[in-house]
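Here's a quick briefing for anyone opening this one for the first time. Have the viewer ready and follow along, topic by topic.

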Amino acid sequence: MPEQLSVAEFLAVTGEDLSSPAAAAFASKMQKCRGAVGALEESLDGDQAVLQRIRKYVKAIHVSGLTHVENEEQYSEALENFGNNHLSQNNHELSTGFLNLAVFTREVTALFKNLVQNLNNIVSFPLDSLLKGQLRDSRLDSKKQIEKAWKDYETKVGKMEKEKERARLAGVSPAELSAVEVAEDTQKERRLFQLHMCEYLLKASESQMKQGPDFLQSLIKFFHAQHNFFQDGWKAAQNLYPFIEKLAVSLHALHQAQEEEVKQLTQTRDSLRSILQLESKEENLIRKNSGSGYSIHQHQGNKQYGTEKSGFLYKKSDGIRKVWQKRKCGVKYGYLTISHSTINRPPVKLNLLTCQVRPHAEEKKCFDLVTHNRTYHFQAEDEQECVVWVSVLQNSKDEALSNAFKGEPNGGGGAAGGGADGGMQDLTRVVIGEVKNMPGNKQCCDCGAPDPTWLSTNLGILTCIECSGIHRELGVHYSRIQSLTLDVLSTSELLLAISVGNSRFNEIMEATLPVPDCPKPSASSNMAARKEYIVAKYMERRYVQKSGRDDPHCLWDAIRTRDLLALLQAFAEGHDLAKPLASPEGQQEPSELALHMAVRHADRLSLPLVDFIIQNGGMLDRVTQDGNTALHYAALYNQPNCLKLLLKGKATVTTVNAAGETALDVARRLKHSECEELLEQAQAGRLPPQIHIDYDWEPPQEFPYDSEDELEEKVPVKGVQTLLGGLAAVGQPWSQVSVPSSESTRSYRRISSAVGKAGSPVSPQSPSVPEDPALSKVPPVPMPRRFAPAKGRQKRVKAVADCKGDKARELTFSKGEVIVVTREEDEQSWVGFIEGDGSRTGVFPASFVHLLQD
């Protein structure tokens with residue numbers, strides 16, 4: 001650190017230089033003056049950064065205080081109405097109590113409102129004035145002048161030394177330059193340096209006064225306002241205290257009188273019941289539940305069969321043929337395990353806390369086990385064996401639930417909050433496990449430290465604890481950090497995590513990261529190196545590969561095609577998610593906001609895209625030309641999942657559009673019941689803190705099939721070309737091959753495009769085409785392998801047959817058309833649009849296309 005000079009020392013040496021330029025040694029102190037300016041400026045900048053944080057918190061306190069005042073005023077009004085109700089019923093003592101407490105609450109609320117306004121006037125306004133930046137700009141100008149004067153001085157001294165050197169080379173031997181001569185010749189430069197130094201110190205002193213004593217004086221003034229608030233509140237409470245004492249005595253007497261009335265009524269009721277020989281409702285309920293009567297909650301197991309069992313059951317496969325297969329099953333510790341026929345495959349293990357056991361009303365030997373994503377169909381050897389299995393399953397589930405409430409380890413602790421909450425917590429744990437195993441998530445997204453457990457919910461990445469601290473310093477408008485292990489997360493907070501991940505994120509945010517002299521920190525780097533890199537990566541977006549041309553439609557295209565990674569690329573390049581979208585030519589959607597468009601086109605699989613815009617797009621309550629917020633759009637287009645994400649993001653539910661309707665009014669008018677229920681809960685303040693989303697959470701499994709039959713029916717063989725070659729060998733056109741209708745093809749149906757010589761379609765059963773027995777051995781159309789699209793490129797496929805979608809979200813196309821794939825919905829279904837016609841978009845079966853090699 002360079003040596004520094006205090007203000008007092010500067011004044012002393014400057015005074016000596018002014019009184020005796022030849023004898024003074026100011027020139028030797030100039031370097032210290034520059035060091036003092038740099039240190040002072042750094043100190044003032046640090047103070048200003050802290051003051052900005054103080055201003056942020058003061059404004060937050062002011063906003064929350066006004067909300068508190070509004071709630072208090074409504075509370076006192078409700079108390080007053082309640083007191084008037086009792087007054088109309090001649091309950092004078094109760095009425096007086098409620099009305100006096102309403103008056104006291106109104107007085108305290110008025111005092112608190114005044115305190116909140118004083119906070120804004122006394123503290124917030126001075127901070128706004130202080131942080132405008134005018135003083136800092138003037139200081140920096142003076143600092144530049146100081147540096148210029150210093151360079152002028154050095155230039156002058158250097159010129160004098162060169163003249164002396166030239167004289168020496170010319171053979172003239174001048175006398176050595178004395179300090180007096182140097183001081184006299186550089187007097188003008190020193191005076192300019194001293195002048196600019198004085199101006200800078202004056203401005204710095206003004207900044208220090210405003211940031212120090214003046215701001216502290218404002219806080220003292222606010223302290224007096226706080227003191228007055230507590231004093232006045234104490235006086236109001238003291239005035240009410242004698243009345244409260246008397247009211248407590250009156251309430252005790254009233255309570256005793258009511259207890260005596262209840263006692264007499266109970267005795268009279270019991271006498272009448274004994275005369276009429278009626279049993280109570282409680283006794284009736286006990287009698288019903290003790291036998292085989294129906295329970296309103298769920299099927300009850302017979303306790304005599306216990307909680308553990310092992311044996312064989314027949315399970316119906318999910319394949320095309322729906323065959324019954326004998327499988328060894330076991331129930332223990334709240335879990336059902338289903339073994340496979342081959343030893344080398346691990347058994348399926350189901351947590352009974354997240355399942356429902358449903359006996360069949362007609363098929364007495366059968367029962368179903370319903371999980372969050374599948375229904376298993378079982379059949380026992382006989383009816384009695386079925387009763388035993390159902391009882392053991394239900395008893396084991398009840399035992400696990402009971403243990404969960406007690407906090408015991410084998411109780412499936414995730415269900416401690418009840419069956420539904422426990423199931424969601426169990427699902428959340430599964431999703432978190434899948435997030436940890438995503439590509440790149442084994443290391444910190446920023447420094448590469450192993451096993452990161454801190455999630456940025458708005459970016460969908462994992463970081464280590466050191467880097468997460470710097471993310472928090474950046475602020476929630478850059479990164480919102482939660483712990484996977486310490487925080488109680490809901491599935492809505494894992495949408496981006498399960499959809500993005502460290503590898504995909506860094507492919508965009510670190511695309512131009514230099515290989516030699518890489519600035520990326522390591523797990524052992526200090527906090528300063530981490531902060532420098534994280535600021536460059538997230539705030540400056542220094543390492544993003546930006547396209548050479550400015551495409552104003554890239555956001556529109558990303559949202560219309562529901563491409564989350566394209567949206568992330570546009571966001572990384574600096575496109576503002578809060579501005580109206582620029583739609584391509586020919587589109588009749590001018591000035592639509594990104595969030596509104598995303599909600600309008602949302603489906604279950606594009607929810608991460610909607611969530612990204614909500615968390616990173618700024619204001620949620622911006623309106624369209626007709627006054628509709630995104631919340632209005634969610635109600636209008638019946639998007640309950642988008643509604644949940646918006647309410648989680650604190651969207652305002654009371655905004656009214658141009659038609660005078662709130663989002664709740666829109667949902668009621670259109671009879672969108674699920675949206676209506678959510679908005680009613682939000683308006684009443686009853687929305688649960690943990691919001692769960694209906695999304696395809698099921699992670700990919702190593703063994704996705706439960707039997708060899710299903711494996712044969714679903715697993716692809718060599719490829720599309722293998723099947724095409726087999727068809728060519730027998731002379732049968734591709735369009736005549738039908739694909740069995742199953743879950744893999746969803747609701748699609750094949751449309752034959754082959755036309756015979758007479759112009760009529762030729763069906764697969766047409767006698768004009770001889771049936772070759774080899775065709776019966778042709779395997780089903782294979783599913784193309786999942787692909788990881790290259791950055792900046794989208795996959796193109798070509799339709800090998802006509803296809804008609806039965807639903808609105810499904811794509812209809814003809815043989816030979818080229819489809820641009822935007823994402824994979826699952827192994828069997830992809831999403832894309834027809835090349836050259838972006839309006840034709842939707843989901844389609846992967847078995848109807850083959851890959852084009854660009």
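Let's start at Trp 454, whose bridge partner in strand E10 is Ser 483. That pair belongs to a set of 3 bridges joining strand E8 (residues 454-456) to E10, with the two strands running antiparallel. Keep in mind that you're looking at a predicted model.

**The three-stranded sheet**

- Strands E9, E8 and E10 line up in the order E9-E8-E10, giving an open sheet of 3 strands with antiparallel pairing.
- On the edges sit strand E9 (461-463) and strand E10 (481-483), each of which pairs on one side only.
- From one strand to the next, the twist averages 35 degrees.
- A helix packs on this sheet too: H10 (residues 465-474) touches E8, E9 and E10. The direction of H10 makes about 115 degrees with that of E9.

**The seven-stranded sheet**

- There's also an open sheet of 7 strands, again with antiparallel pairing, and its order reads E4-E3-E2-E1-E7-E6-E5.
- Its edges are strand E4 (348-351) and strand E5 (356-359), and each of these pairs on one side only.
- Neighbouring strands here are turned by 35 degrees against each other on average, if you ignore direction.
- Strand E2 (residues 324-332) and strand E3 (residues 335-338) run antiparallel and are joined by 4 bridges. To find one of the residue pairs, look for Val 331, whose bridge partner in E3 is Leu 336.

**A closer look at strand E6**

- How many residues of strand E6 (residues 366-370) are buried? The count is 5 of its 5 residues, so the strand is mostly covered.
- Which way do they point? Cys 366, Asp 368 and Val 370 go one way from E6, while Phe 367 and Leu 369 go the other way, and all are buried.
- With E5, strand E6 pairs in the antiparallel sense over 4 bridges. E5 and E6 form a hairpin that has 6 residues between them. Val 357 has Leu 369 as its bridge partner in E6.

**Helices H2 and H6**

- Two packed helices are described by the angle between their axes and the distance between the axes.
- For helix H2 (residues 30-88) and helix H6 (residues 187-276), the axes come within 11 Å and cross at roughly 25 degrees. Angles under 35 degrees count as roughly parallel, so H2 is roughly parallel to H6.
- Left-handed or right-handed? The crossing of H2 and H6 is left-handed.
- On the H2 side, the residues that meet H6 include Met 30, Cys 33, Val 37, Leu 40, Leu 44 and Ile 54. On the H6 side, Phe 193, Met 197, Tyr 200, Leu 201 and Phe 215 are among them.

**Helices H12 and H15**

- Helix H12 (residues 501-509) and helix H15 (residues 564-572) pack with their axes 10 Å apart, at an angle of about 40 degrees. H12 and H15 are therefore oblique to each other.
- The crossing of H12 and H15 is right-handed.
- H12 brings Arg 504, Phe 505, Ile 508 and Met 509 to the contact, and H15 brings Leu 565, Leu 568, Gln 569 and Ala 572.
- While you're at H15, find Ala 566, which lies in this helix. Ala 566 counts as partly exposed because its relative accessibility is 30%, and the range for that label runs between 20% and 50%.
- Where does Thr 822 sit relative to Ala 566? The two are 256 residues apart in sequence and 9.3 Å apart in space, C-alpha to C-alpha.

**Thr 629 in its loop**

- Thr 629 lies in the loop between helix H17 (607-616) and helix H18 (630-636).
- Buried or exposed? Thr 629 has a relative accessible area of 1%, so Thr 629 is buried, as the cut-off for buried is under 20%.
- The side chain of Thr 629 makes a polar contact with the side chain of His 632, at 2.9 Å.
- Leaving aside residues up to four places away in sequence, Thr 629 touches His 596, Asp 621, Arg 622, Val 623 and Thr 655.

Terms used: Residues numbered from 1 in each chain as written. Predicted model: local features only at pLDDT ≥ 70, side-chain atom pairs only at ≥ 80, totals over all residues. Heavy atoms only, no water. Pairing = 2+ DSSP bridges. Axes fitted to C-alpha atoms, helices over the stretch in contact; angles between N-to-C directions. Buried < 20%, exposed > 50% of the residue type's maximum accessible area, 1.4 Å probe, protein only. Polar contact = N/O pair within 3.5 Å; in protein donor to acceptor, adjacent residues only side chain to side chain. Contact = heavy atoms within 4.5 Å. Parallel < 35°, antiparallel > 145°, perpendicular 65-115°, else oblique. Left-handed = near helix turned anticlockwise from the far one by under 90°.
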